[in-house]
Amino acid sequence: MKKLMVGMALTATLATAVTPDFGSIGGNQEKAYAAATVTYKVTASKLNVRSGAGTTYGIIGSVVKGQTLSVMSKSGSWYKINYNGRTGYVSSDYVQASGTATPPAESTTYTVTASTLNVRSGAGTNYASIGSVKKGQKLSVVSKSGSWYKINYNGRTGYVSSDYVQASGTTTPPAESTTYTVTASTLNVRSGAGTNYASIGSVKKGQKLSVVSKSGSWYKINYNGRTGYVSSDYVQASATTSPKLVVDSFKTLGNAQQVILVTADNYDTKSAKIQTFEKVDGKWKQVLTANGVLGQKGFALSKKEGDMESPTGKYTIGTAFGRYANPGTKLPYRKITANDVWVDDSKSSLYNTWQQKPANGRWTSAENMDIPAYDYGFVINYNESRTPGKGSAIFFHVGTNYTAGCTATSKEQVVSILKWLNPEKNPVIIQSPVSELDKY
């Protein structure tokens, strides 16, 4: 690593044994704690503190030669530190460690892979969006809850789908299966894991805490967007239950273990919400959420050929297709050629089937398959009886504006869903206005 920073020295003291912080409980008694054996001391006159482990990250402050900080972990040639109640990073090239122990390796980073990813107030798409993150952005992951990562988002607690976050390294965040509730009337929040650290505020009885990790008898928490520590003696940990998913109430799924749910606010909107769910060990888990589009005129309760509406209902999933090689789907896959068409002539005996040109009198109209919208997709098994005039060529494919009766989303999402679908799990797709989900 090029030493681009102005030199600076840093020392960090790690606590290995602490006594409870009584805060303002019963006389504000505070006891000494046993100091750790390792300190980290800066060897340069001045050292930048950055928001991430690299010189490409912004500078959030600096420390001076001889200063001591709390080192949390090491990531490559960078130390992750507690800097004035915030998380910061400094180059280990300018830090001298005294002692034989080393901080734990920070072996995992979490990077957004979707172009835009919603940050929600809870672990599910039924929770409100509180913002978004962009492709390539690094996330501060606190824990994992099912298929969701709990993150620190602009000083708030947020949740993002783990399907669009790439973890580099082998470790995983702790499972979010516990809530932490303050049991004391008032409990000090400190800048480090010990009573010798300054109080940066307090929490009240009954307050829920966002716990990051545990160090001895101290909980590291997210406190108003800052890193804080509270005594675990005055915090009650209790198991939590997962929020109920919309598919949990469905009665018509039969042996389906994968569900694609396409919903809209009403029949007349072309905008849709796409969610995928999978049953694991007898319980439904949410896998993906994405924005999508329907037919130009929205949903159809009773679809007709050429009405520019997408059919509502529950359907099985047919052949996957694309103009390129199989992207990795387990579904039967067919590569589109320049001669491939889907017959939409209601009077033809081949109505609503995939055929190849030339027509030779077998139909008078057919939809060309070799188009960008069909770069990737799959057949929705609608009108399998091929009833004339009831609608044809109903697909799930690439698109972001509107369709002639299909369902569409971005190419990235289509490929992700194709890779996820498994015919052995009897996948189905349900399309419905939100107000009519009780039908399923």
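So, surface first: this chain exposes about 20,100 Å², and carbon and sulfur atoms supply 47% of that area. Keep in mind that what we're looking at is a predicted model.

Now the inside. The chain has 440 residues, and buried ones make up 50% of them. As for secondary structure, you'll find one helix and 40 strands.

Okay, on to charges. Side chains of opposite charge can pair when their charged atoms come close. How many salt bridges are there in this chain? The count comes to seven.

Let me start with Glu-278 and Lys-425. Their closest N and O atoms are 2.2 Å apart. Glu-278 sits in strand β28, while Lys-425 sits in the loop between α1 and β40, so this pair ties together parts that are 147 residues apart in sequence. Is Glu-278 buried or exposed? Its relative accessibility is 12%, and the cut-off for buried is under 20%, so Glu-278 counts as buried. Lys-425, on the other hand, is partly exposed, at 22%.

Next up, Asp-370 and Arg-323, which meet in a salt bridge at 3.2 Å, N to O. Here we have two loops: Asp-370 is in the one between β36 and β37, Arg-323 is in the one between β32 and β33, and so the pair ties together parts 47 residues apart in sequence. Asp-370 is partly exposed at 29%, and Arg-323 is partly exposed at 22%.

Then there's Lys-411 with Asp-375, at 2.9 Å, N to O. Lys-411 belongs to helix α1 and Asp-375 to the loop between β36 and β37, so parts 36 residues apart in sequence get tied together. Lys-411 is partly exposed, at 36%, but Asp-375 is buried, at 6%.

Last stop, Thr-403. Where is Thr-403? You'll find it in the loop between β38 and β39. With 6% relative accessibility, Thr-403 counts as buried. Its side chain reaches the backbone oxygen of Cys-406 at 2.8 Å. And what does Thr-403 touch, leaving aside its neighbours within four places in sequence? Its contacts include Val-293, Leu-294, Gly-295 and Gln-296, plus Met-308, Ser-310, His-397 and Ala-408.

Notes
Residues are numbered from 1 along each chain as its sequence is written. This is a predicted model: local features need pLDDT of at least 70, side-chain atom pairs count only at pLDDT 80 or more; totals for chains, interfaces and linings use all residues. Side-chain values use heavy atoms; hydrogens and water are left out. Helices (H or I, at least four residues) and strands (E, at least two) are DSSP runs, numbered from the N terminus. Buried means under 20% relative accessible area, exposed over 50%, partly exposed in between (1.4 Å probe, protein chains only). A polar contact is a pair of N or O atoms within 3.5 Å; within protein, one must be able to donate a hydrogen and the other to accept it, and residues adjacent in sequence count only if both atoms are side-chain atoms. Contact means heavy atoms within 4.5 Å. Accessible areas come from the Shrake-Rupley method with a 1.4 Å probe; for residues, only the protein chains shown count as cover. A salt bridge is a side-chain nitrogen of Lys or Arg within 4 Å of a carboxyl oxygen of Asp or Glu.
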